[in-house]
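Work through the exercises below with the model open. Try each task before reading its solution.

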Amino acid sequence: MEKIIILDFGSQTTQLIGRRLRELNTYCEIVPYNRFPENDASVIGVILSGSPFSVNDSEAFKPDLSGIRGKYPVLGICYGAQYLAYCAGGKVEKGDSREYGRAMLSPVDTHDALMRNIPDHSQVWMSHGDTIMEVPHSLTIVAHTKDVQCAAYRIEGEKTWGVQFHPEVFHTLIGMTVLDNFLSVCGARKEWTPENFIRSTVRQLKETLGNDRVILALSGGVDSSVSAVLLNKAIGKNLTCIFVDNGLLRKNEFEKVLEDYKHLGLNVMGVDAKAYFYQALAGVKEPERKRKIIGKGFIDVFDREAQQLQNIQWLAQGTIYPDIIESLSITGTTIKSHHNVGGLPETMQLKLVEPLRLLFKDEVRQVGRALGMAEHLIRRHPFPGPGLGVRILGDITPEKVHILQEADAIFINGLHRWNLYDEVWQAGVILLPVQSVGVMGDERTYENAVALRAVTSADAMTADWAHLPSDFLAEISNEIINKVRGVNRVVYDISSKPPSTIEWE
Ligand code: XMP
């Protein structure tokens with residue numbers, strides 16, 4: 001399958017370059033800047049990303065590009081463009097013409113292949129302290145902005161371009177056109193579609209797995225669910241899925257999700273391990289210990305169930321591409337493997353199969369849709385592995401879980417009712433270890449406080465509190481206090497990440 005290689009120089013937007021190319025139906029791989037796959041005949045072009053460094057920094061990444069330039073079409077972005085100019089003898093310096101944020105781009109050579117269909121005065125997004133101050137002879141300027149003479153250039157005699165703006169970011173309005181123009185130069189056939197992915201993945205899974213048996217831990221989340229459906233398509237009944245009720249799931253989640261999975265034709269074992277988890281967690285208050293107990297409990301239950309199945313050779317995981325990229329160190333020296341499930345016992349000695357390891361989250365959703373999965377399964381908010389266990393501050397009891405499940409269900413149902421569910425990245429309720437005085441009817445109460453948490457985010461790395469309508473919050477607060485026994489106060493969390501986190505523990 002043809003691919004574009006993105007050499008990662010450490011920019012925060014490198015992953016975004018990858019996502020944009022995939023949106024243009026072109027497969028790409030992100031590799032550390034010094035890990036170009038030399039003998040890969042499927043490479044059709046190379047993109048150099050931005051970087052937190054200046055080319056003049058002693059620690060800047062400066063790989064030898066002689067095996068790449070002239071052989072493949074190359075596009076340098078921001079640092080990538082400056083590095084190519086620097087290698088060609090140009091001068092890159094901090095100048096008066098630093099640019100951050102919006103700038104207006106004017107092509108000077110409308111016949112240039114990269115500038116095709118770019119109107120005069122197009123909005124682009126800049127983020128560079130340095131700029132190309134002296135343009136070497138081999139570079140032809142193809143676009144400028146008011147402040148930067150060399151905003152985009154090509155190198156004569158090769159199919160190499162540099163752009164000092166970021167075509168991958170949303171605010172560069174002509175960014176997709178620039179990337180698409182580059183793909184045309186590369187001769188990309190644009191065959192990367194969910195349907196093609198499904199066809200080729202199912203074929204590969206069949207080849208790799210043959211008649212072997214596979215187990216997969218379902219979480220109810222989109223990644224493990226899509227993995228299961230893909231595997232089911234490839235090997236059918238040779239896939240056994242295990243879905244554990246740790247007593248820390250949302251209200252009726254276990255039953256609902258099991259029902260969904262059965263509709264999808266999956267071979268699922270639902271394991272009720274509530275009592276086991278409640279016992280192991282009794283009296284434990286410290287967040288990290290709770291997390292460890294829940295993690296270990298999951299492995300114990302999974303292991304016990306798996307031992308009862310005969311002849312299992314493979315463990316399937318819903319690892320996705322960002323997990324893989326994050327486990328590749330940019331220096332290229334330490335490559336740690338990613339453990340999605342959190343380390344299963346060595347004694348199981350299973351081989352690992354990860355059918356989604358090449359996909360971004362939005363692609364996983366598209367594949368899910370193409371596989372005919374229900375929209376509510378695909379759009380489900382992320383939910384932490386330790387579940388409500390990290391949303392009950394302090395020790396966990398079945399009674400507290402019940403209170404939280406009721407309050408959480410009111411919040412989530414309300415988000416659906418008000419059509420707000422898809423506008424937030426994730427939402428939930430936290431049971432606080434706080435009691436406060438209230439009055440209900442003629443009676444004084446002394447009961448629990450809960451916090452509502454809803455955030456907007458693109459990747460959970462940063463998040464803002466969701467600015468939900470106050471009428472909505474009023475309705476939810478009323479409903480929780482009126483219906484959930486044990487709660488007499490509701491607060492709304494207005495912290496962003498950073499400095500807070502999405503979960504409270
Ligand atoms: P934080 O709280 O770190 O959460 O801002 C970021 C995202 O990760 C989820 N999360 C977890 N997921 N196991 C998981 O599988 C965990 O221990 C865990 N802790 C946090 C959280 O819900 C959010 O989506």
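**Exercise 1. Cysteines**

Count the disulfides, taking a disulfide as a pair of cysteine sulfur atoms within 2.5 Å.

*Solution.* Step 1: apply the cut-off; the count is 0 disulfides. Step 2: check cysteine 28, which is in no disulfide; its nearest cysteine sulfur belongs to cysteine 186, 12 Å away. Step 3: check cysteine 150. Step 4: look at exposure. Buried means under 20% relative accessible area, exposed over 50%, and partly exposed in between (1.4 Å probe, protein chains only). Cysteine 28 is buried at 0%, and cysteine 150 is buried at 1%.

A note on the source: this is a predicted model, where local features need pLDDT of at least 70, side-chain atom pairs count only at pLDDT 80 or more, and totals for chains, interfaces and linings use all residues. Residues are numbered from 1 along each chain as its sequence is written, and side-chain values use heavy atoms, leaving out hydrogens and water.

**Exercise 2. Arginine 22**

Is arginine 22 buried or exposed, and which residues does arginine 22 touch?

*Solution.* Step 1: locate arginine 22 in helix H1 (residues 14-23). Helices are DSSP runs of H or I, at least four residues, numbered from the N terminus. Step 2: read the accessibility. Arginine 22 is at 4%, so it counts as buried. Step 3: list contacts (heavy atoms within 4.5 Å). Setting aside residues up to four places away in sequence, arginine 22 touches Tyr27, Cys28, Trp192, Tyr321, Leu358, Leu359, Phe360 and Glu363. A polar side-chain atom of arginine 22 lies 2.7 Å from the backbone oxygen of leucine 358.

**Exercise 3. Helix H5**

Compare the reach of helix H5 with its expected span.

*Solution.* Step 1: take the expected span as 1.5 Å times one less than the number of residues. Step 2: H5 (residues 222-235) has 14 residues and reaches 20 Å from first C-alpha to last, close to the expected 20 Å. Step 3: check cover; 13 of the 14 residues of H5 are buried. Step 4: look past the end. Glycine 236 follows H5, with a positive phi near 55°.

**Exercise 4. The ligand**

Which atoms of lysine 497, isoleucine 502 and glutamate 503 lie by ligand oxygen atoms?

*Solution.* Step 1: lysine 497 places a side-chain N or O atom 2.8 Å from a ligand oxygen. Step 2: isoleucine 502 uses a polar backbone atom, 2.8 Å from a ligand oxygen. Step 3: glutamate 503 has a polar side-chain atom 2.5 Å from a ligand oxygen.

Terms used
Helix = DSSP H or I, 4+ residues; strand = E, 2+ residues; numbered from the N terminus. Polar contact = N/O pair within 3.5 Å; in protein donor to acceptor, adjacent residues only side chain to side chain.
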